[in-house]
Amino acid sequence: MRNDLRNPNEPIAPASSQFVSAASLRARLDWFNKLRWGAAFGVMAVVLIAGVGLKAPIEVRGLMLTGAVLLLLNTAYELRNRRFKAVDIAVELRLVKVQMVCDLLALTVLLNLSGGVENPLLFLYVIHVIIASLLFKGREIFQIAWLAIFLFTADVFGEYFGLLPHHHLPTAGEVAHELSFVLMTLGSFWLVILFCAYVGALIMKHNRSIKDELAARQAVLLAEDRAKTDFFRFVTHEIKSPVNTAQSGVETALELGGESMAPSVRDVLERAIGRLKQATKIIQDLADLTRGGILKEENLTEVDFNDLVSAAVDDQRDLAARSSLAMNVLLPDPPIILTTIRNMAETIVANLVNNSIRYNREGGRVSVRLVDTGKRVRLVVEDQGIGIAEEEQDLIFDEFYRSTEARETSTLGTGLGLAIVRKFVEELGGTIEVDSTVGRGSTFTVTLPRKSRKRRR
Amino acid sequence: MAEKTILVIDDDIDLVEIIRVTLENQGFKVIDAQTGARGLAMAKEQDPDLILLDVMMGKVDEGFQVAYQLRSDDVTAETPILMLTAVTDQTGFDFDPARDKDFLPVNEFLEKPVSPRDLVDMIRKHLPTSV
């Protein structure tokens, strides 16, 4: 169960499609269906006017039949769409492909019945390929393109070699002076040109609006992020002094009262100190989160990461013993030397190990592994604890977010630990991932570069 | 042993009173100032045995400015200065008075909140033994 960034309610689009959801695909298909109605009725109207009204010598029956088949297919498709809601993009796309093949076949039959190579309506293949490129991706577009080429070539050569019947268009001799031929050629030409322009404009408009929207959203997010950071910094600064002073005051009272104090008074004061220490911890965490630009060249030092990890684990062995946890540490030999900021690296390891202890089950195991992967180093902290629901796995790195399980397990915890870990990991040029199953445990994997360096902004 | 005088320079009047109670209970005499300027004047007039100085008062570096001026004055040049800070969480770097002696003219940094016991221990450690 990898943690990736997407809305869990959104169906996953197959790699072959550029549509985010089945519904947005369906919306576009509806538009193409309207086109198909127009095309089928158009063909039948022209055939009726020319063949029956003007008594032109054309294959009225065959052409009408082809038009009717198209209408029938489109009706079936529409009925099916009204009946079923679009759910699966893959199914929708497969159906569209069937449609597209039928369209190409119908077009080829139409052309065969109306002059084949003589008929300028052959431009209509272009429109089909453009539609295909709007719906499909990569290889599939070329499959449609090659099918179009194959069908028309087969018809032209079939007619040329006499394998297929040739239905001569009622044009004689000089086509440039034949009004019907000139109009048909110009009509096809206009249609294809305008269609290309229209589709191109549509795509670019869509593209631009997406770009604009992304830029606007990005700006809003950045501003919000900055405002949040400023707010935290302000709150931290303002709240720190009174809390510190209150803590000093209560500690002083406890100290001065000494043994003469009633145990109940002492207990109350000790509780107050406990809560004030908790507040101090939150303030400290917030300060960590909102401080910026820590990664300066002069702060980078060479750190024995093996030592750092074992020290961080040793610091928390007492805490682990209280829940009878087994602590397994696996370190590589030779030890890993990192160029990093020591206290940031310490905080990363300490926070992850602390979480794996606090959210573990009684008698469980914490496993800390360090893996040398050449240019980078991988720290894996694994527990057998409460786990994190998949839909919460992105959120646990947000400030103050505590998962449902975490809140039920422990009232302590500021909800800032992982936010700090993520910030520090990113600051050092690393990545963090979580892999977790509710009730079975979580695995946090941090990858850090051997040498952290100041990022260019 | 004569009563030692501690000058507390901090704009947090509540903290000053808390420190006063702690120190007077231990037999020190406490005088206080709420601004850097007032603190400097008092240091000159009364020549305290030790100065507790808050790092940030009105301005971010007021405490440092005061410390430099104390060091450059003949009366207080040798007076131990303990600096109360909450600055580590603001700037993100840790002070080390031993390492940074050249540009940090104070004897020790005490991170707030300081427990009364630590405060007293630290003051005793830095008080000149022979006066």
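At what angle do helix H10 (residues 342-358) of chain A and helix H12 (residues 417-427) of chain A pack, and how far apart are their axes?

**Entry 1: conventions.** I note that this is a predicted model, in which local features need pLDDT of at least 70 and side-chain atom pairs count only at pLDDT 80 or more, while totals for chains, interfaces and linings use all residues. Residues are numbered from 1 along each chain as its sequence is written, chains are lettered from A and ligands numbered from 1 in the order in which they are written, and side-chain values use heavy atoms, with hydrogens and water left out.

**Entry 2: H10 and H12 of chain A.** I looked up this pair and found an angle of about 145°, with the axes 9 Å apart; the axes are lines fitted to C-alpha atoms, for helices over the stretch in contact, and the angles run from 0 to 180 degrees between N-to-C directions. Helices (H or I, at least four residues) and strands (E, at least two) are DSSP runs, numbered from the N terminus. The crossing of H10(A) and H12(A) is left-handed, a term for a near helix turned anticlockwise from the far one by less than a right angle, with right-handed used if clockwise. I list A:Met344, A:Ile348 and A:Leu352 among the residues of H10(A) that meet H12(A), whose side of the contact includes A:Leu418, A:Val421 and A:Phe424; contact means heavy atoms within 4.5 Å. By class, this contact of H10(A) with H12(A) has 8 nonpolar, 4 polar and 1 charged residues, where Ala, Val, Leu, Ile, Met, Phe, Trp, Tyr, Cys and Pro count as nonpolar, Asp, Glu, Lys and Arg as charged, and the others, Gly among them, as polar.

**Entry 3: H4 and H6 of chain A.** Helix H4 (residues 124-135) of chain A packs on helix H6 (residues 179-257) of chain A at an angle of about 15°, with the axes 9 Å apart. The angle makes H4(A) roughly parallel to H6(A), a class for angles under 35 degrees, whereas those over 145 count as roughly antiparallel, 65 to 115 as roughly perpendicular and the rest as oblique. I find a left-handed crossing here, and the residues of the contact of H4(A) with H6(A) divide into 12 nonpolar, no polar and no charged. Among them are A:Ile127 and A:Ile131 in H4(A), and A:Phe195 and A:Cys196 in H6(A).

**Entry 4: chain A against chain B.** The contact takes 17 residues from chain A and 20 residues from chain B. I noted a buried area of about 1600 Å², of which carbon and sulfur atoms give 55%; buried area is the accessible area (1.4 Å probe) that two parts lose on being put together, summed over both. In chain A, A:Thr245, A:Glu255 and A:Leu256 lose the most area to chain B, together 28% of what that side buries. H6(A) packs on helix H1 (residues 13-25) of chain B at an angle of about 20°, with the axes 9 Å apart, and the two are therefore roughly parallel to each other. A:Thr245 and A:Leu256 are among the H6(A) residues in this helix contact, and B:Leu15 and B:Ile18 are among those of H1(B).

**Entry 5: salt bridges.** I count 1 salt bridge between chain A and chain B, the term requiring a side-chain nitrogen of Lys or Arg within 4 Å of a carboxyl oxygen of Asp or Glu. The side chains of A:Glu255 and B:Arg117 meet in a salt bridge at 3.1 Å, N to O. A:Arg80 lies in helix H2 (residues 60-83) and A:Glu92 in helix H3 (residues 89-113) of chain A, so the pair ties together parts that are 12 residues apart in sequence.

**Entry 6: backbone.** A cis peptide bond joins A:Asp333 and A:Pro334, with omega about 5°, and A:Pro334 lies in the loop between strand S2 (326-330) and strand S3 (337-340) of chain A.
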